[in-house]
Amino acid sequence: MDFHVMTLFPEMVSQGLSTSILGRAMSKNLISLECINIRDYSADQKHHKVDDYTYGGGAGMLMQAQPVYDCYKSLESRIDSSHTKRVIYVTPQGKVFNQQLAAEFAQADDLIFLCGHYEGIDERVLEEIVTDYVSIGDYVLTGGELPAMVMIDTISRLVPGVLNNDISAETESFTDGLLEYPQYSRPEEWMGKKVPPILLSGDHKKVDEWRLQMSLERTKERRPELYEAWMAAHPPKPPKKR
Ligand code: SAM
């Protein structure tokens with residue numbers, strides 16, 4: 001999986017993603033990360049300007065179409081044409097990112113993230129190059145770098161081999177539509193609180209049943225809309241006929 005990030009602040013993304021699990025995944029060539037500075041494609045040789053006032057008035061500056069387009073064309077020419085790719089503009093006006101969308105994006109060979117800044121980006125270049133408009137939630141950040149990092153981190157965990165144990169991604173919150181069950185580590189008792197005895201029983205079937213029950217209860221309490229959707233997709237089985 002090759003990630004490419006078009007941004008005005010490449011070091012923010014490259015430094016933010018190069019440690020821990022993702023850093024290891026990069027050194028094993030399971031994923032790669034290229035951060036490209038849109039400013040390098042400015043036609044303004046002197047000041048490397050990439051933004052200007054918006055037509056029609058209004059506060060703030062807008063990123064211009066030309067540097068973004070030239071940056072994209074240069075990047076596109078370096079990507080193998082047989083690769084499947086998506087061009088994602090991170091924007092509060094997009095579809096809200098979730099685990100299902102992460103799994104869909106993880107199928108691509110190359111993911112290109114376009115990060116806006118200031119008031120955003122000239123609409124005409126977005127129409128020309130973007131395949132997906134994606135938001136990380138209903139709030140507005142100063143730039144697209146953090147959203148791109150959030151998405152890259154989430155998608156990378158789904159690339160085989162990135163996690164030491166790929167099973168852990170399969171059992172985590174949202175993968176099956178529910179929140180994950182509570183978990184415990186040593187010691188068996190801490191501050192008077194005991195680990196639920198079923199987890200010490202060694203009975204894997206009972207542990208699985210308990211975990212499902214806990215997932216259902218937690219989801220019902222904290223994310224009732226997810227619980228309703230899960231229940232609708234898993235109606236109780238009718239009793240067997242005699
Ligand atoms: N004027 C834009 C609007 O009202 O939709 C907001 C621009 S925002 C200040 C600057 C940039 O931050 C955006 O172009 C986008 O790339 C990024 N951004 C801000 N909030 C975001 C969010 N919730 N999800 C994804 N990207 C976001």
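Predicted model: local features only at pLDDT ≥ 70, side-chain atom pairs only at ≥ 80, totals over all residues.

Colleague: What pLDDT does the chain average?

Modeller: The average is 96, and 99% of the residues score at least 70; pLDDT is the predictor's confidence in each residue, from 0 to 100. For the complex, the predictor gives an ipTM of 0.99 and a pTM of 0.94.

Colleague: Why does Tyr118 count as partly exposed?

Modeller: Tyr118 has 16 C-beta neighbours inside 10 Å. A residue is buried at 20 or more other C-beta atoms within 10 Å of its own, exposed at 12 or fewer and partly exposed in between, with C-beta atoms placed from the backbone. Tyr118 therefore counts as partly exposed. Tyr118 sits in the loop between β6 (110-115) and α5 (123-129), where helices (H or I, at least four residues) and strands (E, at least two) are DSSP runs numbered from the N terminus. The phi of Tyr118 is near 55°, a positive value in a residue other than glycine.

Colleague: And what makes Met191 exposed?

Modeller: Met191 has 4 C-beta neighbours inside 10 Å, so it counts as exposed. Met191 belongs to the loop between β8 and β9 (193-194), and its phi, near 50°, is positive in a residue other than glycine.

Colleague: Which class does Pro182 fall into, exposed or partly exposed?

Modeller: With 13 C-beta neighbours inside 10 Å, Pro182 is partly exposed. Its loop runs between α7 (167-171) and β8 (189-190). Pro182 and Met214 are 32 residues apart in sequence, yet 7.2 Å apart in space from C-alpha to C-alpha. Pro187 also lies in the loop between α7 and β8; a cis peptide bond, with omega about 5°, joins Arg186 and Pro187.

Colleague: With which residues is Thr54 in contact?

Modeller: Leu62 and Glu119, leaving aside neighbours within four places in sequence; contact requires C-beta atoms, placed from the backbone, within 7 Å. Thr54, found in the loop between β3 (51-53) and β4 (61-63), has 15 C-beta neighbours inside 10 Å and so counts as partly exposed.

Colleague: Which members of the largest nonpolar core touch the most others?

Modeller: Of its 42 residues, Met6, Val68, Ile88, Phe113, Leu114 and Ala148 do. Such a core is a set of buried Ala, Val, Leu, Ile, Met, Phe, Trp, Tyr and Cys residues joined through C-beta atoms within 7 Å. Ala148 touches Val5, Val13, Val90, Phe113 and Cys115, not counting residues up to four places away in sequence.

Colleague: Which residues come nearest to the ligand?

Modeller: Pro92, Gly116, Gly120, Gly144 and Pro147, of 19 residues around the ligand; a residue is near if its C-beta atom, placed from the backbone, lies within 6 Å. Strand β5 (residues 85-96) gives the most to this shell, with four residues. By class, the shell has eight nonpolar, ten polar and one charged residues, with Ala, Val, Leu, Ile, Met, Phe, Trp, Tyr, Cys and Pro counted as nonpolar, Asp, Glu, Lys and Arg as charged, and the others, Gly among them, as polar.

Conventions
Residues numbered from 1 in each chain as written. Contact = placed C-beta atoms within 7 Å.
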